[in-house]
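Please read it alongside the sequence and the model.

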Amino acid sequence: MPAQRPPLSALALLVAVLLVGAWIVFFRSPPASNSAHGSDGEPSDRAATTLVSADDTAERSALDATAQDDAPPPDPELANLGLEERLAAIARLEGEILQQGASEARVRRLEALLEPLLASPPTLLLVLDNLVAGKWRSTAPDAATLDLVEYGGCRALYWGLVSFHNPRSRFHDADQGRALFVTILTDLPALDGKLLSTLVEQLLRSEVEGKPLVALYTAEILELRAFFREHRELFSKLFARLGDSMTPEERDRFFTIYLSETSDPLILGTALRNLLQGANPDWALSLAEALFDDPTTSPEVRNAIVQALVDGLQDPFKVADFLVERIDQTRGLPGAWLTLARKEGGFNAVEAAYNQLAGSNANAKARELLVASMRNASASELERIADIAFQDPSPSVRGQALMSMTSAPNWAATQKSMDDLRSAFAGGVDPARAAWSAGNIAKKAAKTGAVDLRDDATSFLEELVHDGSLPDAARHAALEELKPFLSEVEWDLLKKGIAK
Amino acid sequence: MKLSLVSWIALVGTLASALHAHADVGTGTAELRGCPHKQATLVDSEWTEQGATQVCAKGIKLADGSTWSPTCPENEVIVPAHGECQGESHQGTLCVPTGVLNVQVGECTCDPIVHVGQWVAAGCTCTNFTSAGTIENFTTKPCDV
């Protein structure tokens with residue numbers, strides 16, 4: 001049968017779409033600077049700067065159509081604040097509320113600070129413009145901090161999103177809410193660093209009556225994800241909480257399609273996690289196994305599958321079995337193992353898997369990783385790890401047991417633990433693991449003011465550093481553990497000792 | 001065309017030396033027979049959040065019911081940069097283990113937003129990092145050493 005020609009109208013449509021796409025990609029002007037706005041805060045026309053489609057004009061028009069006739073008279077004290085002062089004040093006040101509690105006076109003051117912004121969506125848009133243009137950006141002291149005004153700007157956008165979507169708010173306006181959400185979405189690819197992660201956090205955490213707002217905008221997120229292919233994972237991230245308000249059946253319906261996204265581990269992992277919490281977790285588990293066992297699956301996708309299993313699969317015994325059976329591929333994923341026992345019933349699952357292997361002295365690496373996850377044990381379960389530290393036939397498993405015990409949040413450092421460590425080291429535990437365990441003891445002892453114990457632990461570390469019969473790597477491990485307890489000069493001297 | 005015995009000997013000798021030369025070019029030396037021709041892949045250090053997300057107890061609730069509660073992961077895990085044998089090809093080398101490196105885990109707690117002058121730090125602090133586990137480290141070695 002001859003191939004059917006596409007109709008002429010379809011071709012014309014395709015050409016038009018390609019032309020529009022090319023125009024957006026090649027002729028998009030840089031983000032609008034603040035000077036593009038009038039002094040009254042009216043935003044400029046940014047249709048060409050950020051949006052993908054002509055819908056932008058509609059979104060922006062909705063934002064510009066401001067009418068809040070029923071707004072109460074502004075607080076005279078706060079009415080005259082400029083935009084930057086207002087945003088900084090919002091950031092400061094929120095910090096105060098989170099630190100000292102939400103008194104009625106503080107909440108009222110916050111509402112008064114927010115009110116002119118919520119009543120004027122164009123001003124919120126101006127805030128977004130300035131964030132995108134980097135107007136309030138200065139060199140941050142470290143990657144974890146944000147300028148006060150920038151942070152206040154992100155928070156104002158958050159309150160705008162939830163207020164516009166909240167039917168109980170007097171600023172409720174679904175069109176404004178939609179316009180703001182979509183405009184922020186389309187601006188995300190122009191941002192980076194802490195500002196980007198903070199703004200993504202605002203989108204992810206915004207919810208009304210327990211339903212995340214991202215659930216209302218899945219079509220837009222998918223469209224942008226397809227358009228900005230180089231920022232695909234950024235948009236995939238927004239699906240992280242999408243399943244939170246879904247029924248198991250809804251999760252199955254929504255997420256199944258993303259299992260084929262093997263080039264985007266983030267969305268594949270999110271999809272798998274949701275399907276494991278869906279109506280048919282056994283089916284999802286068998287899919288996960290098949291995909292993991294496929295030799296063409298990349299290490300990144302395997303990592304995402306393991307994380308999805310640890311986070312999504314309810315039965316910790318099945319997760320432990322999965323990890324142990326595939327030890328050659330999962331041994332390089334310590335994060336997943338370390339949190340396995342945190343699941344409900346997780347310690348029992350880990351202990352059962354360990355006992356099964358220990359009985360036949362099999363698979364020392366799997367035993368070691370199972371013991372690593374035991375650090376989340378309760379105080380009574382810690383005894384079990386102490387037994388393993390002396391009874392397991394493998395020195396690396398015994399060394400791991402010492403590390404698990406001494407790093408456990410529920411473990412209190414005692415002199416006996418240091419004595420046990422010395423005898424375990426004499427019994428063959430490798431020096432690097434002994435050094436890390438001693439470092440754990442020294443840090444915990446220092447924190448509780450147990451000076452003698454701290455000194456005993458650091459003396460042991462110094463012995464390891466000085467012992468020329470030990471491998472250099474182990475001596476360096478001990479040296480690193482000593483760093484918090486020595487002056488720079490003392491530490492340098494020890495380091496030079498190893499070099500000799 | 002017929003070849004004399006001398007010609008045959010000369011031809012075989014030439015072929016043998018050509019094959020020997022080819023073997024040297026292809027694998028370096030005779031010791032490289034059995035060399036897997038693989039190298040270690042360097043994996044960058046990684047900071048990941050682990051465990052369920054804690055919604056911090058202290059939040060903000062406006063009169064219209066709109067709320068904000070900061071969140072925190074339970075743990076932060078630091079896996080150091082290390083080498084892995086992922087099957088990457090490299091002529092004349094093999095991927096070998098060099099021991100283990102320590103993996104650190106910090107406990108995260110909700111912390112009010114901290115203002116330091118004009119800066120804001122996140123409302124979540126991960127501290128008390130301890131060495132909780134290990135990761136194997138691999139490196140690349142020449143096959144003929």
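## Chain B

Of the 145 residues in chain B, 34% are buried, where buried means under 20% relative accessible area, exposed over 50% and partly exposed in between (1.4 Å probe, protein chains only). Its secondary structure comes to 1 helix and 10 strands, taken as DSSP runs numbered from the N terminus (helices: H or I, at least four residues; strands: E, at least two). Along the sequence the order is α-β-β-β-β-β-β-β-β-β-β.

A contact means heavy atoms within 4.5 Å. Among the contacts in chain B between residues at least 6 apart in sequence, 73% join residues at least 24 apart.

## Basis of the values

This is a predicted model, in which local features need pLDDT of at least 70 and side-chain atom pairs count only at pLDDT 80 or more, while totals for chains, interfaces and linings use all residues. Residues are numbered from 1 along each chain as its sequence is written, chains are lettered from A and ligands numbered from 1 in the order in which they are written, and side-chain values use heavy atoms, with hydrogens and water left out.

## Chain A

Chain A has 28 helices and 3 strands. Buried residues account for 51% of its 500 residues. Of the contacts in chain A with a separation of 6 or more, 65% are between residues 24 or more positions apart.

## Helix 14 of chain A

Helix 14 of chain A (residues 265–276) has 12 residues, which at 1.5 Å a residue should span 16 Å; its end C-alpha atoms are 16 Å apart, so the two agree. The expected span is 1.5 Å times one less than the number of residues.

## Helices 22 and 23 of chain A

Helix 22 (residues 382–391) and helix 23 (residues 395–407) of chain A pack at about 150°, with their axes 7 Å apart. Axes are lines fitted to C-alpha atoms, for helices over the stretch in contact, and angles run from 0 to 180 degrees between N-to-C directions. Helix 22 and helix 23 of chain A are therefore roughly antiparallel; angles under 35 degrees count as roughly parallel, over 145 as roughly antiparallel, 65 to 115 as roughly perpendicular and the rest as oblique.

Residues of helix 22 of chain A in this contact include Leu382(A), Ile385(A) and Phe390(A), and those of helix 23 include Val397(A), Arg398(A) and Met405(A).
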